[in-house]
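The following questions and answers work through a protein model, moving from its aromatic rings to one helix and then to a residue in a loop. Please consult the sequence and the structure alongside each answer.

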Amino acid sequence: GKETLSSPRLGLGGKAQAEGPTEVKPKLHPLQNRWALWFFKNDRSRAWQDNLHLVTKFDTVEDFWAMYSHIQLASKLSSGCDYALFKDGIEPMWEDSRNKRGGRWLISLAKQQRHSELDRLWLETLLCLIGESFGEHSKEVCGAVINIRTKGDKIAVWTREAENQSSVLHIGRIYKERLGLSTKTIIGYQAHTDTATKSNSLAKNKFVV
């Protein structure tokens with residue numbers, strides 16, 4: 001709201017400080033959803049789930065940027081690591097009940113794109129999620145994952161229902177546009193059930209945009 005713009009900055013006017021933390025709250029910009037950031041580091045001596053760590057949760061714009069500025073950029077992660085941003089309560093694995101009937105829009109990057117484009121594309125992906133960029137179809141979005149791999153990095157947006165064609169296609173078109181991908185670039189949507197039964201490279205696209 002407008003009143004947030006005129007409220008005194010903490011400590012500058014003295015007023016906000018005197019009244020304690022309650023005065024700070026209106027300046028924060030709440031997100032529609034609470035989000036959880038996860039980090040995965042591949043250690044083959046441990047179970048998959050033991051390699052997955054919850055980093056933090058946030059539900060305001062300010063807390064998102066604070067989190068983003070404190071974590072390592074995706075391009076600096078070592079091979080085998082992932083970041084995942086999911087709505088609070090949904091775990092970043094396809095077995096989760098809210099993911100298992102869904103699928104993902106997958107962006108596969110060439111090795112040389114890690115240093116030129118990866119961080120921009122991932123940040124844009126995060127902003128699409130927390131900003132609910134898909135309109136009424138945003139409720140279908142579960143989260144997004146970035147995989148840092150020697151062969152080539154991948155970014156994916158996960159949705160809830162692979163059979164919900166109109167929603168899935170709407171999300172795919174907006175996502176492609178927001179990433180600034182050329183119209184010649186084709187991105188595909190894979191159902192998790194297909195990915196689970198085949199190796200990633202063999203899972204066929206259910207939809208493309």
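Q: How many aromatic pairs does the structure hold, and how is the pair of Phe64 and Tyr68 classed?
A: In this predicted model, the aromatic pairs come to nine. For Phe64 and Tyr68, the ring centres are 6.1 Å apart and the planes stand at 25°. Since planes under 30 degrees apart count as stacked, the angle of 25° makes this pair stacked.

Q: Which residues do ring pairs link into a cluster with Phe64 and Tyr68?
A: Phe64 and Tyr68 are both buried, and, being four residues apart in helix H3, they are separated by about one helical turn. An α-helix has 3.6 residues a turn, so residues three or four places apart point the same way. Beyond Phe64 and Tyr68 themselves, the cluster linked by ring pairs includes Phe58 and Trp65.

Q: Within what arc do the buried residues of H3 fall, seen down the axis of the helix?
A: The buried residues of H3 are Phe64, Met67 and Tyr68. Seen down the axis, these residues line one face of the helix, because the arc within which they fall is 100°.

Q: Which elements do the buried residues of H3 pack against?
A: On the other side of H3, Ser69 and His70 are exposed, whereas Phe64, Met67 and Tyr68 are the buried residues of the helix. The elements against which these buried residues pack are strand E1 (30–41), strand E2 (52–60) and helix H5 (118–130).

Q: Is Ser75 buried or exposed?
A: Ser75 lies in the loop that runs between helix H3 (61–70) and strand E3 (81–87). Its relative accessibility is 7%, and the limit for a buried residue is under 20%. At 7%, therefore, Ser75 counts as buried.

Q: With which side chain does the side chain of Ser75 make a polar contact?
A: Leaving aside neighbours within four places in sequence, Ser75 is in contact with Arg114, His115, Leu118 and Asp119. The polar contact of the Ser75 side chain, at 2.5 Å, is with the side chain of Asp119.

Q: What percentage of the contacts with a separation of 6 or more is accounted for by residues 24 or more positions apart?
A: The secondary structure of the protein comes to seven helices and eight strands, and 44% of its 209 residues count as buried. Among the contacts in the protein with a separation of 6 or more, the share of residues 24 or more positions apart is 66%.

Notes:
Residues numbered from 1 in each chain as written. Predicted model: local features only at pLDDT ≥ 70, side-chain atom pairs only at ≥ 80, totals over all residues. Heavy atoms only, no water. Helix = DSSP H or I, 4+ residues; strand = E, 2+ residues; numbered from the N terminus. Buried < 20%, exposed > 50% of the residue type's maximum accessible area, 1.4 Å probe, protein only. Polar contact = N/O pair within 3.5 Å; in protein donor to acceptor, adjacent residues only side chain to side chain. Contact = heavy atoms within 4.5 Å. Phe/Tyr/Trp six-rings, centres within 6.5 Å; stacked < 30°, edge-to-face > 60°. Arc of directions from axis to C-beta.
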